[in-house]
Amino acid sequence: MRFRSVVFLVGLAFFFGAVTKAQERQTEWGSVGAGYIGQLTEGTTGHWTSTHGWYVLPTFNINKQVGVFADFANFYGKGQNLHVQLYGLFHGFSNKTRYTPFIFTGPGYVRDSSAGTITHSFAWCAGGGLTIRLTRWVSFQTIPVEYVVNTAHGNVGNNFVARAGLALTIPKSK
């Protein structure tokens, strides 16, 4: 429980530290995305399993290209329930089209509830995705490439994640 609190506080420090450095010329604070998420996990015996679930991904823009995020996801599988919290930085490659590719990385933790046993482990994520602006305030967001490593049961676990959903932009008042 103590590790979880430390990770959460570090995430909050990232988030609120960025708030104080936000630039005023931006037209939006960030976004809140949500949608479907799927994960392919390499087990300790070398076999691969898949789990599916949902995610919520609030982001805050530090400037027009760099921001911070907090990623909350829940996966469901055979007798297994995973809660994931990741925090970190992202870089959006701004352009003049409605398509914005981005990359991200950051630490967090995984809470694994399987067959009545609950474990907590450190996690780290890295990946890339694409935001497609549908309207001024709504975007389709996909992250087809995400790698998450965790340290459950003293082993390094390889997880490959893909997600798709909608993101609502949080505008600045003028």
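**Pocket lining and salt bridges**

Strand 7 contributes four residues to the lining of the largest pocket, the largest share; strands are DSSP runs of E of at least two residues, numbered from the N terminus. The structure is a predicted model, in which local features need pLDDT of at least 70, side-chain atom pairs count only at pLDDT 80 or more, and totals for chains, interfaces and linings use all residues. Residues are numbered from 1 along each chain as its sequence is written, and side-chain values use heavy atoms, with hydrogens and water left out.

The largest pocket holds about 850 Å³ of space. A pocket is an open set of points on a 1 Å grid over the protein atoms alone, where a 1.4 Å probe fits and protein lies on both sides within 12 Å along at least five of seven lines; lining residues have an atom within 4 Å of a point. Its volume is the space filled by probe spheres set on the points, with grid points joined across faces, edges and corners. The pocket is lined by 32 residues, of which Glu 28, Asn 61, Lys 64, Thr 100 and Arg 133 are the closest to its centre. At least two lining residues come from each of strand 1 (28-42), strand 2 (48-61), strand 3 (66-77), strand 4 (80-92), strand 5 (99-114), strand 6 (117-133), strand 7 (138-150) and strand 8 (157-171). By class, the lining comprises 17 polar, eight nonpolar and seven charged residues (nonpolar: Ala, Val, Leu, Ile, Met, Phe, Trp, Tyr, Cys and Pro; charged: Asp, Glu, Lys and Arg; polar: the others, Gly among them).

Three salt bridges are found in the whole structure, each defined by a side-chain nitrogen of Lys or Arg within 4 Å of a carboxyl oxygen of Asp or Glu. In the pair Glu 28 and Arg 133, the closest N and O atoms are 3.4 Å apart. Arg 133 is partly exposed, at 30% relative accessible area (buried, under 20%; exposed, over 50%; partly exposed, in between; 1.4 Å probe, protein chains only).

Salt bridges also link Asp 71, Glu 146 and Arg 163 in a network. The closest N and O atoms of Asp 71 and Arg 163 are 2.7 Å apart, and this pair connects strand 3 with strand 8 across 92 residues. Since Arg 163 lies in strand 8 and Glu 146 in strand 7, the latter pair ties together parts 17 residues apart in sequence. Asp 71 is buried at 3% relative accessibility, Arg 163 is buried at 5%, and Glu 146 is buried with a relative accessible area of 3%.
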